[in-house]
Amino acid sequence: MARVTAPLLSVQDLSVAHGQVLTVRGVSFAVAAGASLGIVGESGCGKSTLLRAVAGLVPIVAGQVAVLEQVLPTPRQKQHRRLLQIVFQDSLAALNPTLTIAASLREPLAIHRLGDAGQRVARVLDAVGLPQAVRFRFPHQLSGGQRQRVCIARALLVEPRVLLLDEPTSALDISVQAEVLNLLAELRRDLGLAYVLVSHDLAVVGQMCEQLAVMAGGTIVETLTRTQLVARAAHHPVTRALLAAGMPSGDIPREI
């Protein structure tokens with residue numbers, strides 16, 4: 001009998017509240033190593049809140065998050081935060097404007113007490129396709145695409161197993177967006193990471209992700225494979241509306 005491999009990331013019945021209102025309700029999903037799940041939905045549906053809850057940045061009221069079958073406690077300890085790292089939409093806001101790129105990259109290494117900082121920084125800059133000279137610049141001296149690569153590099157420095165991507169390319173122009181998406185796809189294959197990608201762009205999700213989860217009212221209402229997305233095999237009205245509004249018939253997603 002074939003051995004069943006446990007998912008790298010498992011989220012079970014996760015709920016998040018804002019005051020007395022549940023903004024995320026009973027969400028469950030799993031992502032294997034080397035795989036990617038896309039989460040889409042209308043503004044205010046709870047997708048970014050869900051991502052932050054999985055990252056441990058907002059408290060949960062029910063459910064659990066597990067990495068490699070290890071349930072992560074609340075609040076998270078440092079060793080648990082290393083397992084999941086998040087990349088935000090606004091790279092300029094995510095970086096301290098008073099620190100050089102080298103200082104920003106060394107910061108998580110100091111927090112997690114990881115040695116060989118100089119070598120680690122050099123290696124990760126190479127991995128994300130940035131020249132070593134970037135280390136001596138400040139965030140405002142870089143382009144949007146370069147800053148987002150720095151944010152990806154900073155997330156990778158602590159050797160996470162899961163990357164949580166909150167609209168990581170929506171602030172970039174189309175050509176730079178393609179470069180960053182290709183980079184993320186290469187890193188996922190090379191490092192065996194699991195990705196959870198929140199995006200409003202169905203074409204981006206179709207390129208990056210094998211599975212698509214559609215959120216509405218704080219819960220997942222439908223899950224599609226990439227093949228089903230291409231075939232527009234959606235059943236829920238919210239999914240059909242997103243397909244009609246966000247992905248014209250000629251805009252067929254392809255795997256990167």
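Me: Which way does helix 6 pass helix 7, left-handed or right-handed?
Reply: In this predicted model, helix 6 passes helix 7 in a right-handed crossing.

Me: What about the axes, how do they cross?
Reply: The axes of helix 6 and helix 7 cross at roughly 20 degrees and come within 10 Å. That angle makes helix 6 roughly parallel to helix 7, because angles under 35 degrees count as roughly parallel.

Me: Which residues make the contact?
Reply: From helix 6, G145, Q148, R149, I152 and L156. Helix 7 contributes V176, E179, V180, L183, L184, L187 and L191.

Me: How do those divide into nonpolar, polar and charged?
Reply: The contact of helix 6 with helix 7 has 8 nonpolar, 2 polar and 2 charged residues.

Me: What do E179 and R149 form?
Reply: E179 and R149 form a salt bridge, with the closest N and O atoms 3.9 Å apart. E179 lies in helix 7 (residues 174-191) and R149 in helix 6, so the pair ties together parts that are 30 residues apart in sequence.

Me: And R149, buried or exposed?
Reply: R149 is buried, at a relative accessible area of 14%. E179 is partly exposed, at 44%.

Me: Changing topic. How many salt bridges in the whole structure?
Reply: A search of the whole structure finds 5.

Me: Which residue does D166 pair with?
Reply: D166 forms a salt bridge with R52, and their closest N and O atoms are 2.6 Å apart. The pair links distant parts of the chain: D166 is in strand 7 (residues 162-166) and R52 in helix 1 (residues 47-55), 114 residues apart.

Me: Is D166 buried or exposed?
Reply: D166 has 5% relative accessibility, so D166 counts as buried. R52 is partly exposed, with a relative accessible area of 26%.

Me: Which residues are linked in a network of salt bridges?
Reply: R82, R120 and E159 are linked in one.

Me: Where do E159 and R82 lie?
Reply: Both are in loops. E159 lies between helix 6 (144-156) and strand 7, and R82 between helix 2 (78-81) and strand 6 (84-87), so the pair ties together parts that are 77 residues apart in sequence.

Me: What is the accessibility of R82?
Reply: R82 is at 23% relative accessibility and counts as partly exposed, because buried means under 20% and exposed over 50%.

How values were computed: Residues numbered from 1 in each chain as written. Predicted model: local features only at pLDDT ≥ 70, side-chain atom pairs only at ≥ 80, totals over all residues. Heavy atoms only, no water. Salt bridge = Lys/Arg side-chain N within 4 Å of Asp/Glu carboxyl O. Helix = DSSP H or I, 4+ residues; strand = E, 2+ residues; numbered from the N terminus. Buried < 20%, exposed > 50% of the residue type's maximum accessible area, 1.4 Å probe, protein only. Axes fitted to C-alpha atoms, helices over the stretch in contact; angles between N-to-C directions. Parallel < 35°, antiparallel > 145°, perpendicular 65-115°, else oblique. Left-handed = near helix turned anticlockwise from the far one by under 90°. Contact = heavy atoms within 4.5 Å. Nonpolar A, V, L, I, M, F, W, Y, C, P; charged D, E, K, R; others polar.
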